[in-house]
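I opened this notebook to record what I looked up in one structure. The entries follow the order in which I consulted it.

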Amino acid sequence: MYGLLKKILACSSFILITLVGLLFVYHYKSELLGGYSQKVEVVSSTSSIATDLQKIAEDTGTVLARRIVDVKENERGEVENTYIPIGGELPKDLPLQENQGLIQNASYNTLYIIVKGNLSAQDLAGRLIEKGHQANAVEANSGLTLLKFLLVYPQAIMIAFVFLISFLTLLVADYIVNIRSVSIKRISGLGKYQIALRGIWKESLFLVGSASIVFVLAILILILQRNATLLAIELIGFPLLAWLVILLFLNFFASNLFYHILQRQPMNLSLKGKAP
């Protein structure tokens, strides 16, 4: 029973991480997959922000894209990142926002993408700061973007912590429940370390196999969505790989703990299925 629950929990965690990655790629595909590496986040601004952005774009021959989050009016409440151009035309791969009411009410404290020109994100942020606004250059996208985001997101850390405690508990419980059958193997001639090593190998093989299957399915979904770029694959693959390494470490830890339990447990108690 514990072994089945442990496998279900591991597979569920792999699927959950993959779904988060797929949703992340889907919602930010225009920014992530369009090759736009120069971005600036305006944290706070004065009333002159619109004029200042327009002047910077004209003076430097730069085209900026101002992000506006559009909430769809449907049951699911989906959101879409849309953009309006500053200083020129918007590239076709960035969704254009045409709702004038939404544009007028949208905050200027948002993300700005440099879609054309030689102006860097650092230069744009510096010019805005000189004019009294608070802006930061956003780090260029990489395959580690989603992993870094999850590592600083409190809810994600809490969920991961609960998953890890549950997984470790089920691992140890499964080993303890099987003490009697393991003792029979010891009588048949298998050594304690050999038994523990077999446990590590068996569980590790399942974890690697499950993660691999989920990852392949994720790639197939990306292909169907026409988002199967190297960056998109890395965005999903790195968090999945990091989680797999953590689970493999916990498996190794639990197996060694079980090995020490076997060392301290008398054979007669183990045959009765009693835990130390």
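Entry 1: conventions. I use "buried" for under 20% relative accessible area, "exposed" for over 50%, and "partly exposed" for the range in between (1.4 Å probe, protein chains only). I note that the model is predicted, that local features need pLDDT of at least 70 and side-chain atom pairs pLDDT 80 or more, and that totals for chains, interfaces and linings use all residues. Residues are numbered from 1 along each chain as its sequence is written, and side-chain values use heavy atoms, with hydrogens and water left out.

Entry 2: the chain as a whole. I found eleven helices and five strands in the protein chain; helices (H or I, at least four residues) and strands (E, at least two) are DSSP runs, numbered from the N terminus. Of the 276 residues, 38% are buried. The chain exposes about 15700 Å², with carbon and sulfur atoms supplying 62% of that area. Accessible areas come from the Shrake-Rupley method with a 1.4 Å probe, and for residues only the protein chains shown count as cover. I then looked up contacts, meaning heavy atoms within 4.5 Å. Among contacts with a separation of 6 or more, 78% are between residues 24 or more positions apart.

Entry 3: In what order do the five strands of the open sheet stand? I read the order as 3-2-4-1-5, with antiparallel pairing. Strand 3 (79–86) and strand 5 (134–138) are at the edges with a single partner strand each, so one side of each has no neighbour in the sheet. From one strand to the next the twist averages 30°. Axes are lines fitted to C-alpha atoms, for helices over the stretch in contact, and angles run from 0 to 180 degrees between N-to-C directions. I count two strands as paired if DSSP finds at least two bridges between them. As a general point, strands of a sheet pair through backbone hydrogen bonds, either parallel or antiparallel.

Entry 4: strand 4 and its partners. Strand 4 (residues 111–116) pairs with strand 1 (residues 39–44) in the antiparallel sense over three bridges, and Lys-39 stands opposite Ile-113. Strand 2 is joined to strand 4 by four bridges, also antiparallel, and there Arg-66 has Tyr-112 as its bridge partner. Five of the six residues of strand 4 are buried, so this strand is largely enclosed by the rest of the structure.

Entry 5: Helix 5 (residues 121–130) lies across strand 1, strand 2 (63–71), strand 4 and strand 5, and runs at about 175° to strand 5. Ser-120 is in the loop between strand 4 and helix 5. Is Ser-120 buried or exposed? Ser-120 counts as buried, because its relative accessibility is 19%. Apart from neighbours within four places in sequence, Ser-120 is in contact with Gln-38 and Ile-114.

Entry 6: salt bridges. I looked for a side-chain nitrogen of Lys or Arg within 4 Å of a carboxyl oxygen of Asp or Glu, and the structure holds two such salt bridges. Glu-203 pairs with Lys-6, the closest N and O atoms being 2.8 Å apart. This pair links helix 9 (residues 192–224), which holds Glu-203, to helix 1, which holds Lys-6, across 197 residues. Both Glu-203 and Lys-6 are buried. Asp-59 forms a salt bridge with Lys-55, again with the closest N and O atoms 2.8 Å apart. Asp-59 and Lys-55 are separated by about one helical turn, because they lie four residues apart in helix 3 (residues 49–60). Asp-59 is exposed at 51% relative accessible area, whereas Lys-55 is partly exposed at 45%.

Entry 7: a nonpolar surface patch. Tyr-2, Leu-4, Leu-5, Ile-8 and Val-177 form this patch, with about 450 Å² of accessible area together. Patches are made of residues with over 30% relative accessible area and no salt bridge, like charges being joined within 9 Å and nonpolar side chains (Val, Leu, Ile, Met, Phe, Trp, Tyr) within 5 Å. Helix 1 (residues 2–27) gives the most to the patch, with four residues. Leu-5, in helix 1, is partly exposed with a relative accessible area of 37%.

Entry 8: a backbone angle. Arg-226 has a phi near 60°, a positive value in a residue other than glycine. Most residues other than glycine have a negative phi. I located Arg-226 in the loop between helix 9 and helix 10 (230–264), where Arg-226 is exposed with a relative accessible area of 78%.
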